[in-house]
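Hi,

Here is the structure I promised to pass on. Have a look first, and then read on for what turned up in it.

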Amino acid sequence: PNSRANGRSPRSGAIAAATTIALAIVLSSWLSGSIRKLGAKANQRTGADDTLFGFIASMVKYAIFAVALVLALTQLGFDATSLVALVGAAGLAIGLALQDTLKAVAGGVMLAVFRPLHKGDWVNLSGHEGEVFEVTPFQTAIRAVDNRVITFTNDRVWSEPLVNFTREKQRRLDLYFGVSYADDLDQALGVLMRLVNDHPSVIRKDANWAGVHALGDSSVDLRLRAWVP
């Protein structure tokens, strides 16, 4: 690039480029942090989902860096038209090389739009259970009950079956009890029904049910169903 052709010395162009990058780092960090804080406040005040705020914060940060990079290169004397063409060609090449990464970004957009999971939900992803604590444009992370952190690319989260245990406000419990073949089944079922009907945590009394689930080798297996918060 010929910086002098634009009336600017190489030194001043380098200083301007470095200043642009520095300002981008400061601005992106401030905006990203502000959006995350706004999401946390909205969650505390109104119960709004802060997962989307975190996703937007990450996208804003990456967008600012991309714009700053282009501006910095123009400060160094690169022709804007040629730079746009170069960025477009480079973007195409990078896109072909990073198809899986772009799939993850596309999956992240779908998760942000349709929101099948939220920060704080307890989910099962590909056989792994845990609490969702981070959703970025590229990946989703959950924390297992033993404090292990498990990370998935967003295309995998979007394309594979997702079990969300906390999305609905009510859950049905299925409890199993074994009794002897010599026991009185009517009495056993009556005990279960009295127990569940009198329990203060059961919220749908009309949906309570108890019955024989299976005939085992050494016991009769009873099944009790009850709805709870």
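A quick definition before the rest: a contact here means heavy atoms within 4.5 Å. Keep in mind, too, that this is a predicted model.

With that in hand, the overall picture. Among contacts in the protein chain with a separation of 6 or more, 57% are between residues 24 or more positions apart. The chain has six helices and eight strands, and along the sequence they run α-α-α-α-β-β-β-β-α-β-β-α-β-β. There are 229 residues, 28% of which count as buried. The chain exposes about 14,400 Å², with 60% of that supplied by carbon and sulfur atoms.

Now the surface. Which residues form the nonpolar patch? They are Ile21, Ile25, Met59, Tyr62, Phe65 and Phe138, and together they have about 480 Å² of accessible area. Helices α1 (10–46) and α2 each supply at least two residues of the patch, and α2 gives the most, with three. Phe65, which sits in helix α2, has a relative accessible area of 33%. Because that value falls between the 20% and 50% cut-offs, Phe65 counts as partly exposed.

One more spot to check is Gly77, in the loop between α2 (51–75) and α3 (80–97). Is Gly77 buried or exposed? Its relative accessible area is 12%, and since buried means under 20%, Gly77 is buried. Gly77 and Ala17 are 60 residues apart in sequence, and their C-alpha atoms are 9.9 Å apart in space.

Cheers

How values were computed
Residues numbered from 1 in each chain as written. Predicted model: local features only at pLDDT ≥ 70, side-chain atom pairs only at ≥ 80, totals over all residues. Heavy atoms only, no water. Helix = DSSP H or I, 4+ residues; strand = E, 2+ residues; numbered from the N terminus. Buried < 20%, exposed > 50% of the residue type's maximum accessible area, 1.4 Å probe, protein only. Patch = residues over 30% accessible without salt bridge, like charges linked within 9 Å, V, L, I, M, F, W, Y side chains within 5 Å. Areas by Shrake-Rupley, 256 points an atom, 1.4 Å probe, with all protein chains shown as cover. Salt bridge = Lys/Arg side-chain N within 4 Å of Asp/Glu carboxyl O.
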